[in-house]
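Visitor: I would like to learn how to read a protein model. Could we go through it one feature at a time?
Guide: Gladly. Here it is.

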Amino acid sequence: MTAHLSDSDRQALRLAHDLREEMRLALPPHGAALPAVSPFVDPAGRPSVLMRMDADTARALMALLGERRAEQAVPPEPRRADGSHVPPPPGPAVAVAAPAMAPMARAAQSPLLPTTFPAR
C-alpha cells in the first residue's frame with residue numbers, strides 16, 4: 001500500500017501516527033475529542049503534520065501544556081521589598097575540597113558529541 005510513497009511521505013505518515021497516539025495518551029479520556037492529525041510533506045520535502053481540533057480539545061491541550069510548564073518552572077529568586085537579591089541561607093561547610101582534575105581527565109568524563117552528522 002505504501003510502496004509508491006517517497007521516504008518523506010512515509011516519515012510524515014509515521015509522524016502523524018505517533019503524534020496521534022501521544023495525543024490520545026496525554027489528553028483526558030473524555031470531554032475532548034482527539035485532534036485530527038494528517039501527514040503532510042512541506043514544499044521543502046520535510047515530513048510534517050497538520051492538526052485540526054475543536055475548541056474543547058484546544059482548551060484541554062492548553063491546560064495540559066500549562067500544567068507541564070508549571071511543573072518544570074523554577075521558583076523565582078527571593079527578593080527584598082526594595083528588589084534586591086536575598087542570598088541563600090548558608091549550607092554546611094565542605095571539609096575537603098575536590099582535587100583539581102587534569103584537562104585530559106575532565107575530557108574523559110564528559111560525554112562525547114558527534115563532530116559530523118549523517119547526511120539525509
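Visitor: In which loop is the place of M53?
Guide: M53 is in the loop between β2 (47-52) and α2 (55-72). Helices (H or I, at least four residues) and strands (E, at least two) are DSSP runs, numbered from the N terminus. Keep the source in mind: this is a predicted model, where local features need pLDDT of at least 70 and side-chain atom pairs count only at pLDDT 80 or more, while totals for chains, interfaces and linings use all residues. Residues are numbered from 1 along each chain as its sequence is written, and side-chain values use heavy atoms, leaving out hydrogens and water.

Visitor: How many helices and strands does the protein chain have?
Guide: Three helices and two strands. Along the sequence, the pattern is α-β-β-α-α.

Visitor: Back to M53. Is M53 buried, exposed or partly exposed?
Guide: First the cut-offs. Buried means under 20% relative accessible area, exposed over 50%, and partly exposed in between (1.4 Å probe, protein chains only). M53 has a relative accessible area of 26%, so it is partly exposed.

Visitor: Which residues does M53 touch, not counting residues up to four places away in sequence?
Guide: A contact means heavy atoms within 4.5 Å. On that basis M53 touches P35, A58 and L61. M53 and L34 are 19 residues apart in sequence, and their C-alpha atoms are 7.2 Å apart in space.

Visitor: And R52, where is that found?
Guide: R52 is found in strand β2. Its relative accessibility is 58%, so R52 counts as exposed. Leaving out residues up to four places away in sequence, R52 touches P35 and A36.

Visitor: In which sense do strand β1 and β2 pair, parallel or antiparallel?
Guide: Two strands pair if DSSP finds at least two bridges between them. Strand β1 (residues 36-41) and β2 pair in the antiparallel sense, over six bridges. Read across the pair: V37 stands opposite M51 in β2, and F40 stands opposite S48 in β2. The hairpin of β1 and β2 has five residues between the strands, and G45 there takes a positive phi near 90°.

Visitor: Now the helices. What span should α1 have?
Guide: The expected span of a helix is 1.5 Å times one less than its number of residues. For the 20 residues of α1 this gives 28 Å, and the end C-alpha atoms are 28 Å apart, which agrees.

Visitor: Which residues in α1 are buried?
Guide: A12, A16 and M23 are buried in α1. Down the axis of α1, its buried residues fall within an arc of 40°, so they line one face of the helix. The arc is that of the directions from the helix axis to the C-beta atoms. Cover for the buried residues of α1 includes β1, β2 and α2. The face turned away from the buried side of α1 carries the exposed residues D7, E22 and L25.

Visitor: Which residues in α2 are buried?
Guide: T57, A60, L61 and L64 are buried in α2. They cover an arc of only 100° around the axis, which puts them on the same side of α2. The buried residues of α2 pack against α1 (7-26). The face of α2 turned away from its buried side carries the exposed residues R59, M62, R69 and A70.

Visitor: What lies 2.4 Å from a polar atom of the side chain of T57?
Guide: The backbone oxygen of A33. T57 has a relative accessible area of 0%, so it is buried. At the start of α2, a side-chain oxygen of D54 reaches to within 3.3 Å of the backbone nitrogen of D56.

Visitor: Last, the whole chain. What share of the 120 residues in the protein chain is buried?
Guide: Buried residues make up 12%. Among contacts between residues at least 6 apart in sequence, 41% join residues at least 24 apart.

Definitions and conventions. Polar contact = N/O pair within 3.5 Å; in protein donor to acceptor, adjacent residues only side chain to side chain.
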